[in-house]
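Hi,

Here is the structure I promised to pass on.

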Amino acid sequence: MSEVYVALDKKLDDKPVVIKILSAALVENSYARQHFDQEVEAMLRIKNARVVDVSDRGQLPDGRPYIVMQYVDGESLRSQIQNEGMDLGHAASILKQVGAALEHIHHNGVFHRDVKPENIMLRHGNDEVVLIDFGIARVMDSVVALSTVGGASAGTIAYMSPEQLRGETVGAESDIYSMAVVAYEMITGRRPFSPNSHAQMLDLQREGVRAK
């Protein structure tokens, strides 16, 4: 839905920042613009060291909205997951931080809905967690629009909870489920399920994890 760039803030001594711009193909799409605005609302509501920070927003001459966010000097959790799994102590340190970040955003009425290794950044040098990408987050009591409701399934299939797959209204427990899938993958080096479709994923969930 968006284009993402690394840029330099000329007003702040060329400080690196990330700029996210709504895709030109969606500039007239009211649903996409609503989600873009709600992403900004979510991040402004949940100021926390473990959540990506937004510093500015605006609109380009062609009408596309943009947001300016902090640049995280690090890499995604995906890059650290090995085929044989991660060291348990290292995994526990990361998961504790992810859990704290989720607890904070849930307390502020935001549900991420896309918790996965690609959206968990680890700072270079200390592996501090920063949760990113609130593009499909559910925001309670939103001032932008009605809170995200059920009826549409959004997220990354392999990490989605059963209720999320069914298009039902999701809450904190859905993010916690996704975090558990991430934990399984961190420790074992593989996901508990490898579905090809929403329907297959629901079937696999009903059957249960085969490799304990």
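Contact here means heavy atoms within 4.5 Å. It's a predicted model, where local features need pLDDT of at least 70 and side-chain atom pairs count only at pLDDT 80 or more, while totals for chains, interfaces and linings use all residues. Residues are numbered from 1 along each chain as its sequence is written, and side-chain values use heavy atoms, with hydrogens and water left out.

Let's start with the sheet. Three strands form an open sheet in the order β5-β7-β8, with antiparallel pairing (strands are DSSP runs of E, at least two residues, and helices are runs of H or I, at least four, numbered from the N terminus; two strands pair if DSSP finds at least two bridges between them). At the edges sit β5 (74-76) and β8, each pairing on one side only. β5 is joined to β7 (residues 120-123) by three bridges, and Ser 76 stands opposite Met 121 in β7.

Now for Val 130, which is in β8 (residues 129-131). Val 130 is buried, at 0% relative accessible area (buried is under 20%, exposed over 50%, partly exposed in between, with a 1.4 Å probe and protein chains only). Beyond its neighbours within four places in sequence, Val 130 has contacts including Val 51, Val 72, Ile 120 and Met 121.

Then there's Glu 41, in helix α1 (residues 30-45). Glu 41 also counts as buried, at 10% relative accessibility. Leaving aside neighbours within four places in sequence, Glu 41 touches Val 139, Asp 141, Ser 142, Val 143 and Val 144.

Cheers
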